[in-house]
Number of protein chains: 2
Amino acid sequence: MDYRISDKMINIKPSAIREIFKSLTDPTVIAFAAGNPSPDAFPVEKMSELSEIIYEKMPVLALQYGITEGYAPLIEKIKTRLKNRFNIDSKSDSALIMSGGQQGIDLTCKVMCNPGDVVICERPSFIGALNSFKANGANIVQIDMESDGICIEKLEKALIEHKNAKIIYLIPTFHNPLGTTMSLEKRKAVLVLAKKYGVIILEDNPYGELRFRGEEIPTIKSFDKDDIVVYCSTFSKIIAPAIRVGFIVAPQEIANKIVVAKQVNDVHTNMYFQIMCDLFIEKFNIGEHIEKIRVLYKNKCLLMLDEMRKKFDKVNIKYTSPDGGLFLWCTLPDNIDLTRFVKLSLDKKVAVVPGGTFLADEREISHSFRVNYSFPTDEQIITGVNILAQVAEEYM
Amino acid sequence: MDYRISDKMINIKPSAIREIFKSLTDPTVIAFAAGNPSPDAFPVEKMSELSEIIYEKMPVLALQYGITEGYAPLIEKIKTRLKNRFNIDSKSDSALIMSGGQQGIDLTCKVMCNPGDVVICERPSFIGALNSFKANGANIVQIDMESDGICIEKLEKALIEHKNAKIIYLIPTFHNPLGTTMSLEKRKAVLVLAKKYGVIILEDNPYGELRFRGEEIPTIKSFDKDDIVVYCSTFSKIIAPAIRVGFIVAPQEIANKIVVAKQVNDVHTNMYFQIMCDLFIEKFNIGEHIEKIRVLYKNKCLLMLDEMRKKFDKVNIKYTSPDGGLFLWCTLPDNIDLTRFVKLSLDKKVAVVPGGTFLADEREISHSFRVNYSFPTDEQIITGVNILAQVAEEYM
């Protein structure tokens with residue numbers, strides 16, 4: 001049978017780096033390519049304790065159909081935490097539970113974009129978001145980055161050029177893949193531009209809780225007085241990813257449409273883990289739990305930076321220096337071919353993600369690669385950085 | 001701000017019967033309008049037991065990111081069960097875990113339909129599917145039903161007329177909302193037409209395990225030798241709905257696209273409940289558990305039919321007589337206005353779903369309403385049928 005696949009899906013191919021991600025299931029490979037939290041960060045005992053409470057005290061609530069918007073007590077707790085922790089006042093907005101942050105990104109694009117509409121993103125940007133925009137039929141325009149975030153002049157130029165731009169998608173804090181953070185000045189400038197050109201901002205903040213050094217920079221959403229920002233976050237990095245519980249805070253009119261889109265997409269997010277997140281906040285000190293994760297990732301990141309200083313500097317590999325999150329971004333000297341470097345590294349059992357993965361057209365030439373420090377063990381961090389340096393050294 | 005919502009979402013309005021569904025949270029209302037399984041059907045103790053095993057023996061597997069296709073051992077068990085129970089041989093197909101059956105419907109439509117393409121459905125049909133098709137920008141063409149299923153002549157006429165038809169969406173077994181089952185002859189005829197006109201069939205079978213009388217009729221998928229059928233089902237009605245675990249079996253080429261669509265939609269289905277479904281099948285006799293649910297629903301359905309025979313026959317309300325599933329379909333005499341009947345019933349604390357809900361244009365005039373028998377208690381079934389008959393009697 002000749003399957004007449006939809007236009008938006010026909011040309012989306014499985015990523016060229018599928019092989020690299022497959023290698024992550026090989027325990028002998030050092031998985032710098034992962035985006036996974038550390039398994040040491042999962043609060044297994046607390047979750048097991050809460051699980052017993054759920055099956056004993058509220059099994060029907062946890063197992064019967066729930067409402068699409070999400071479990072009301074959890075929504076209230078999220079709003080309170082956003083207010084206290086990130087100064088996000090969601091009065092004129094609506095908070096909704098999502099099946100992971102990814103669903104928040106996907107449904108926001110579905111609700112806003114017609115085929116051919118433009119989503120403006122950072123360059124590079126999160127592959128899961130880029131592919132979601134494509135799968136919704138949107139065209140992606142990527143704007144060059146500077147050390148303190150997206151280039152404001154180029155962003156305005158793109159907004160002038162693309163009248164059908166609907167969304168500016170940003171990861172301002174501990175950017176994926178760069179590991180860098182957008183300055184307060186640029187956050188304010190982006191919001192001014194979004195308002196001026198009538199385009200919403202989708203602020204993706206999955207890592208915001210994971211700052212381990214430096215000063216907090218307010219979220220864009222925290223100074224959004226005109227209901228321009230859809231704010232998206234998740235419990236994936238602070239409790240566990242496989243529970244698939246995220247959330248968005250969106251202007252009421254957009255939130256109303258996202259509820260309809262979610263209802264026909266998965267009806268509602270699994271109730272058991274919504275209740276568990278709610279009970280976790282109620283019964284345990286989630287701030288204390290997050291602090292443990294911060295210390296864990298700080299140590300891993302500083303260890304990695306230390307190894308890179310020792311090994312990468314002499315082979316001219318540059319690297320960013322994150323204040324939080326899961327990733328840092330390395331750039332090879334011009335004489336090293338990235339594709340070959342990635343392949344040689346994988347042959348030596350170190351997996352990294354080539355930079356092209358984070359571009360709308362992944363065939364574009366890149367000299368950079370993403371490295372994750374949350375997932376590998378300390379030993380793997382030391383060994384892995386050493387191997388990457390050895391591979392680069394062969395070019396010297 | 002003037003939000004420029006996408007064309008496909010701008011005109012989708014919250015259902016006119018939202019108020020009725022809201023009434024379901026009122027415990028004093030008899031919830032014939034629900035689509036919920038009976039809470040007595042939830043295997044709480046078994047799930048609690050398995051939960052302990054998961055947190056003790058495989059916490060990282062349950063909490064870390066998983067692959068989009070789903071948990072491999074569960075997929076194998078689903079394939080085996082489909083083969084043994086429904087004679088579905090998925091050799092040239094791919095089985096994928098979905099976040100509930102709804103996601104299977106939604107992503108199949110997303111993968112197949114451009115804006116303006118046609119999905120052909122039964123008339124009436126499942127509201128969640130109709131709204132998903134609309135939210136994907138598809139146009140819906142509904143085909144009249146006969147007592148043994150969709151009208152084959154009208155279906156062929158629609159296929160001739162709509163060259164851009166991409167999907168024939170069917171609920172052949174224990175239809176929602178009708179409660180009726182498509183004959184074997186028509187199942188074969190539909191497959192012949194689908195092949196002839198190059199349109200895939202989306203066979204939705206959430207209730208297939210719930211037959212409590214009459215002979216099994218093979219699924220359309222079981223005699224699909226040409227990879228025409230996407231088969232969609234769920235654990236919602238045999239374990240619990242809020243766990244959000246469903247599955248599809250689809251021709252490889254379509255499955256490959258659905259994997260991409262799912263990856264950008266919710267990355268993967270929550271791992272904990274995938275593992276739980278797998279362990280449930282492995283450690284317990286799921287056939288025995290399902291048999292208990294069948295007996296429970298048989299008793300409820302027969303009780304309701306008995307009450308209807310006593311009360312509805314004299315007020316000329318007609319009703320279908322299901323052999324399984326959750327629903328039956330009642331039709332008022334012409335002189336009774338459905339909208340008013342539904343309102344008067346709700347005033348007397350009985351909620352039913354007006355027939356227009358199951359039409360692509362819910363403003364169309366209908367004389368029918370859907371009744372659920374799985375969720376209400378026996379007492380509520382007796383009282384509720386009695387109240388509906390009283391409301392009808394006032395028109396006599």
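**The interface of chain A and chain B**

Reply: Chain A and chain B bury about 6700 Å² between them, with 58% of it on carbon and sulfur atoms; buried area is the accessible area (1.4 Å probe) that two parts lose on being put together, summed over both. In chain A, the residues that lose the most area to chain B are Tyr3(A), Arg4(A) and Leu63(A), which together make up 12% of what that side buries. The model is predicted: local features need pLDDT of at least 70, side-chain atom pairs count only at pLDDT 80 or more, and totals for chains, interfaces and linings use all residues. Residues are numbered from 1 along each chain as its sequence is written, chains are lettered from A and ligands numbered from 1 in the order in which they are written, and side-chain values use heavy atoms, with hydrogens and water left out.

Contact, meaning heavy atoms within 4.5 Å, joins 83 residues of chain A to 83 residues of chain B. Across this interface the rule finds two salt bridges, each a side-chain nitrogen of Lys or Arg within 4 Å of a carboxyl oxygen of Asp or Glu. In one of the salt bridges, the side chains of Lys110(A) and Asp106(B) meet at 3.7 Å, N to O. Helix α10 (residues 252-266) of chain A gives the most to the side of chain A that touches chain B, namely nine residues; a helix here is a DSSP run (H or I) of at least four residues, numbered from the N terminus.

Methods: Helices (H or I, at least four residues) and strands (E, at least two) are DSSP runs, numbered from the N terminus.
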